[in-house]
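This report looks at the surroundings of a ligand and then at a pair of helices. Keep the sequence and the structure in view while reading.

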Amino acid sequence: MSQTLSAVKGMNDLLPGEIEIWQHVEGLARELFGRFGYGEIRTPMLEDTALFVRSVGEETDIVGKEMYTFTDKNDRSLSLRPEGTAPAARAYIEHSIVNKEPLTRWFYTGPMFRYERMKTGRYRQFYQIGAEAYGSKEAAQDVEVMDMVAQFLQKLGLQDITLNLNSLGDETCRPAYHAKLVEYLQAHREELCSDCHRRMEKNPLRVLDCKNPTCQAVAAKGPNVLEFLCEPCRAHFDDVQRKLTALDIKFVVNPRMVRGLDYYTRTVFEFIASHPALGTASTVGAGGRYDKLVKSLGGPDVPAVGFACGLDRLVLLLKESQQKFGATPDLFIAVADAGSHDAAFTLASRLRREGLRVDFDTRGGSLKSQMKRSDKSGARFTLVLGELERTSGQAKLKPMAGGEPIPVALDDIARTVRAHSAAPRADAPSAS
Ligand code: ATP
Ligand code: MG
């Protein structure tokens, strides 16, 4: 007997029943991001490993522990993308976008890969939808991006999500904060884990991101980055807060939030949900400004700001909501006798061509079993086709939610169904 194969650990199949929620989320994002003027990009799932090492940072968990890296047949080191910002920046540089337009707004969606410890809301292949805006250093750009996430979450009908906000300063003011942080961490060296000992030397900010509770307790009492901001960074941060308030977007300032990637400057933010369905995987979207990233990858000196939302976590939250997703058939065609099967099959094809969603059981079977199937499908109407209907050219549309059957000519079905479809079927999932 051959061994049953299953999906790779941490990687999920998305099937009908659930996929409708994904389509709803993606469709809503596409529409909303389009309103903000963001155009879609699609970059390859594989990139040179160096791209992520140089941008995300060697000392981050993502690059240090979580990347799927391998050498190809030509001995190149490639990695499955763990995030979307670095590939987008690479594409932005490679296609000399800065020479074509001064301000660029892009969004992307697709799978990302990280070799993580799995639990609810944390997978090895997961999906992000994210956006990047290149070319504006203004606080308005930061806030536009946060506004887009806030409107997205609101349109999804998600509540109890808090926007956490911080500023990490820039190359002018961060060194002083770094020095103070290192001094503080040295004084608490004994309490920190061995990973953090290394981080302290190589990239002390990463200690604040350590998941170890003892390290977190030390980090919580460390120096406050906001007290170190230089005048321009402070002004930018104040402006961001003012503009958020003007848009009525609620936020809390969280000076311990550093984010898990190295490329951020100034604004960083996270949208954190408090729903128990997510457990500790509660951040549904996160991002910030990365004014030096494009240049550090060999591109022009272009400021940028962006975010990524975790679709898996949004879908988990939507599954908990009472909302219904996906469209159901307009019509189920049932066959009364075996002699009508071919005619019903042809009728189904014609009505689909005319734009109806039609369900039809190609196996035939008893009328009773077909009616059961029709009910389960959530179809709005059932039409029974038998010899009588075929010879008279007349049939009846049975409203599955109850009510009187509607007489219909066989060549007028699509119009009649549409005419009677204004009100949604009360007991069926609504098309959304
Ligand atoms: P976390 O602190 O939860 O590990 P992160 O800081 O590593 O998140 P980002 O790199 O900022 O996450 O990614 C943006 C969003 O993508 C996260 O807020 C989350 O919603 C989602 N995400 C990140 N990693 C995973 C994962 N392994 N599985 C599912 N979603 C994820
Ligand atoms: Mg992570």
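## Polar contacts of the ligand

A polar contact is a pair of N or O atoms within 3.5 Å. The model shown here is predicted. In the side chain of arginine 114, an N or O atom is 2.7 Å from an oxygen atom of ligand 1. Glutamate 116 has a side-chain N or O atom 2.6 Å from a nitrogen atom of ligand 1. Arginine 313 has a polar side-chain atom 3.1 Å from an oxygen atom of ligand 1.

On its own, ligand 1 has 580 Å² of accessible area, and the protein covers 91% of this area.

## The shell around the ligand

There are 16 residues around ligand 1. Those that come nearest are Arg114, Glu116, Arg122, Arg259 and Thr283. By class, the shell around ligand 1 has six nonpolar, five polar and five charged residues.

## Two helices in contact

Two packed helices are described by the angle between their axes and by the distance between those axes. Helix α1 covers residues 19-35, and helix α11 covers residues 311-320. Their axes come within 10 Å and cross at roughly 115°. The crossing of α1 and α11 is right-handed.

Which residues of α1 meet α11? They are Ile21, Trp22, Val25 and Glu26. On the side of α11, the residues are Leu311, Asp312, Leu314, Val315, Leu318 and Lys319. The contact of α1 with α11 has seven nonpolar and three charged residues, and no polar ones.

Key:
Residues are numbered from 1 along each chain as its sequence is written. Chains are lettered from A and ligands numbered from 1 in the order in which they are written. This is a predicted model: local features need pLDDT of at least 70, side-chain atom pairs count only at pLDDT 80 or more; totals for chains, interfaces and linings use all residues. Side-chain values use heavy atoms; hydrogens and water are left out. A residue is near a molecule or strand if one of its heavy atoms lies within 4 Å of it. A polar contact is a pair of N or O atoms within 3.5 Å; within protein, one must be able to donate a hydrogen and the other to accept it, and residues adjacent in sequence count only if both atoms are side-chain atoms. Accessible areas come from the Shrake-Rupley method with a 1.4 Å probe; for residues, only the protein chains shown count as cover. Ala, Val, Leu, Ile, Met, Phe, Trp, Tyr, Cys and Pro count as nonpolar, Asp, Glu, Lys and Arg as charged, and the others, Gly among them, as polar. Axes are lines fitted to C-alpha atoms, for helices over the stretch in contact, and angles run from 0 to 180 degrees between N-to-C directions. Helices (H or I, at least four residues) and strands (E, at least two) are DSSP runs, numbered from the N terminus. A crossing is left-handed if the near helix is turned anticlockwise from the far one by less than a right angle, and right-handed if clockwise. Contact means heavy atoms within 4.5 Å.
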